[in-house]
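We will go from stop to stop, selecting a few residues each time.

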Amino acid sequence: MGFAQVDQAPLVQGRLGAARVSVLGAQGVRLTGLNSFHLDEGPDFAWLNIYRTLTAGRQLEITRERQPAALEVVPGGAQVRWEASGEVEAELSAFYAIVEGASAVDATFSAAVDAAYEGFELFIANYFTPYYTPHYALADNQTHPEDIFWYTKQWYGQGESESWARDAAAEALFRDGRWLSGHALNWRRGPCYAFPLTIQEHRYGHAIVLMARPRECFGISGYNSYHNSQYFHLGGEDLKPGEGFSSTVRLVLLHEWDDLHATALACYREWVGEC
């Protein structure tokens, strides 16, 4: 078989300081131009994409593998939109906005459902190269807690499919069977998160901080073996036909810091205080 011409989705780009921000449709966002050498994990492995859509007891679909109905520049940013389908009776969207003053990209994920769903979830994926080291802001589960426990995952460590819920009610969502269908994943459970806040520290001069609001994010999770990924579990509420929800994940690009954990926490608290 020879070559064939393949139609490409529109390319939507913006600038965030020295970085070029590209919206890749269903695959999410990629920042390039951050350092002199970029190890690419492939076009399907970017940041801030809707990987899976789930409900109680089952996976509904892998959303990033479904062709969006639209990728367009709209007032204030760029939007990716999926129409309702037989697998997901809901209109889904991802709206990306550059916030230059905060050196940030805000990704707002929304769903408007046409059917009843229990514990409706948008599972947001972010994939990084091994040049990044991942950190997670977890609750200190010592007998006498002291402070936030910053957990740093090692490349090709053991028991890498780890996750941390917001609270006991959120813990039940992880255990309701939704991860036994589709590409099944038996998450290793940890303590609760302190905040839905993660870091990816690049070895050559920058860091990516990801954050969400606790009321909109019932868990965070990650993997650092084969690929380096961080996930946000958004929603989790029961929805009736005609209802919906929106949740924002902020990406902050850092170039300078004295204490990376303290700087990330300050960025998070400043953002949450704006809400």
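Begin by selecting R189 and F174: R189 lies over the face of F174, 4.0 Å from the ring centre. A charge counts as sitting over a ring if NZ of Lys or CZ of Arg is within 6 Å of the ring centre and within 35 degrees of the ring normal. For another example, go to R203, which lies over the face of Y131 at 4.7 Å from the ring centre.

Before moving on, a word on the model: it is predicted, so local features need pLDDT of at least 70 and side-chain atom pairs count only at pLDDT 80 or more, while totals for chains, interfaces and linings use all residues. Residues are numbered from 1 along each chain as its sequence is written, and side-chain values use heavy atoms, with hydrogens and water left out.

Now select S163, in strand β13 (residues 162–165); helices (H or I, at least four residues) and strands (E, at least two) are DSSP runs, numbered from the N terminus. Is S163 buried or exposed? With a relative accessible area of 0%, S163 is buried; the term means under 20% relative accessible area, with exposed being over 50% and partly exposed in between (1.4 Å probe, protein chains only). Show what surrounds S163: leaving aside neighbours within four places in sequence, its contacts (heavy atoms within 4.5 Å) are F174, W187, R188, R189, G190, I220 and S221. Then draw a C-alpha to C-alpha distance from S163 to H233: the two are 9.8 Å apart in space and 70 residues apart in sequence.

Next, colour the aromatic residues. Y51, F123, Y127, W179, W187 and Y231 form one aromatic cluster. The structure holds 19 aromatic pairs, where rings of Phe, Tyr and Trp (its six-membered ring) pair if their centres lie within 6.5 Å, and planes under 30 degrees apart count as stacked, over 60 as edge-to-face and the rest as tilted. Zoom in on F123 and W179: their ring centres are 4.9 Å apart and their planes stand at 75 degrees, so this pair is edge-to-face. F123 belongs to strand β10 (residues 117–128) and W179 to the loop between α1 (168–174) and β14 (188–189), so the pair ties together parts 56 residues apart in sequence. Both F123 and W179 are buried.

Which strands hold Y127 and Y231? Y127 lies in β10 and Y231 in β18 (residues 227–239), so this pair joins parts that are 104 residues apart in sequence. Their ring centres are 6.1 Å apart with planes at 85 degrees, so the pair is edge-to-face. Y127 is buried at 3% relative accessible area, and Y231 is buried at 5%.

The last stop is for salt bridges, meaning a side-chain nitrogen of Lys or Arg within 4 Å of a carboxyl oxygen of Asp or Glu. By this rule there are nine salt bridges.

- R175 and E171: the closest N and O atoms are 2.9 Å apart. R175 is exposed at 59% relative accessibility, whereas E171 is buried at 17%.
- D176 and R178: the closest N and O atoms are 2.8 Å apart. D176 is partly exposed at 28%, and R178 is buried at 0%.
- E216 and R213: the N to O distance is 3.6 Å. E216 is buried at 14%, as is R213 at 13%.
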